[in-house]
Amino acid sequence: MRIGYGRVSTRDQNPDGQSDALAASGCERILVDKASGKLARRPELDQALLLARSGDQLVVTKLDRLGRSLEHLIALAKELEAGGVDLVVLDQGIDTSTAVGRMFFQILGAIAEFEHALMSERTRDGLEAARARGRTGGQRPKLTDRQARIAREMYEEKCPDGKRAHTVQEIAEEFGVTRPTVYRHLGRLG
């Protein structure tokens, strides 16, 4: 069985063009999602994957209608392959029932792995460079050392009756930070 799947990004887009192309290609069932490609939840795609049996074909008009990202496309292709379902992409002429179609997805998989390795390498290099400049990661402190010392002085300042002259809330408002931030900085100085 040929199962057609289409997706339009917004409610205003019309799925008829995709539906017509899928019907013309011989799809017996056509399912269309009206959702952003970034959304993980696409009920019609889930339904299409449930319907597909070994020997069936999942047909889409364009590759970008199917996956949210390259990694998602690879994962879907592996899921289809494991179930014995072939993927056909009409506009790009991809058919995973052929050797060329399978090779295309293997190349995509290799590119995705390469991209992931490059991102990891860049992250490692960036962290090493930051450490070399004395940064250890994480956010910069909300208060400078000078501000933290002033906050400590305000915190320790007493009124003639022995009570604190400033509340932690007042100190936080003075520096435009939250009370937990003031407590964290006071703890570091203590």
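Student: Is D64 buried, partly exposed or exposed?

Tutor: D64 is partly exposed, at 42% relative accessibility. Buried means under 20% relative accessible area, exposed means over 50%, and partly exposed lies in between, with a 1.4 Å probe and protein chains only. This is a predicted model: local features need pLDDT of at least 70, side-chain atom pairs count only at pLDDT 80 or more, and totals for chains, interfaces and linings use all residues. Side-chain values use heavy atoms, with hydrogens and water left out, and residues are numbered from 1 along each chain as its sequence is written.

Student: What does D64 form a salt bridge with?

Tutor: R65. The closest N and O atoms are 3.3 Å apart. The rule asks for a side-chain nitrogen of Lys or Arg within 4 Å of a carboxyl oxygen of Asp or Glu. R65 is buried, with a relative accessible area of 15%.

Student: How many salt bridges in total?

Tutor: Two by this rule. E156 and R152 also meet in a salt bridge, 3.3 Å from N to O.

Student: Where do E156 and R152 sit relative to each other?

Tutor: They are four residues apart in helix 5 (residues 145-156), so about one helical turn separates them. Helices here are DSSP runs of H or I with at least four residues, strands are runs of E with at least two, and both are numbered from the N terminus. An α-helix has 3.6 residues a turn, so residues three or four places apart point the same way.

Student: And their exposure: buried or partly exposed?

Tutor: E156 is partly exposed at 46%. R152 is buried at 18%.

Student: How far is H185 from R152?

Tutor: 8.4 Å, C-alpha to C-alpha, and 33 residues apart in sequence. H185 lies in helix 7 (residues 179-189). H185 is buried, at 7% relative accessibility.

Student: Which residues does H185 touch?

Tutor: P141, K142, L143 and A148, leaving aside residues up to four places away in sequence. Contact means heavy atoms within 4.5 Å.

Student: New topic. How many disulfides?

Tutor: Zero, from a search of the whole structure. The test is a pair of cysteine sulfur atoms within 2.5 Å. C27 counts as buried at 11%. C159 counts as partly exposed at 31%.

Student: Now helix 3. What span does it reach?

Tutor: Helix 3 (residues 70-82) has 13 residues and reaches 18 Å from its first C-alpha to its last, close to the 18 Å expected. The expected span is 1.5 Å times one less than the number of residues.

Student: Which of its residues are buried?

Tutor: H72, L73, I74, L76, A77 and L80. The buried residues of helix 3 pack against helix 2 (43-51), strand 3 (57-60), strand 4 (86-89) and helix 4 (99-132).

Student: What comes just after helix 3?

Tutor: G84, with a positive phi of about 75°.

Student: Last one. Which residues form a nonpolar patch on the surface?

Tutor: V100, M103, I107 and I111, with about 370 Å² of accessible area together. V100 is in helix 4, and V100 is exposed at 60%. Patch members need over 30% relative accessible area and no salt bridge; nonpolar side chains (Val, Leu, Ile, Met, Phe, Trp, Tyr) are joined within 5 Å, like charges within 9 Å. Areas come from the Shrake-Rupley method with a 1.4 Å probe; for residues, only the protein chains shown count as cover.
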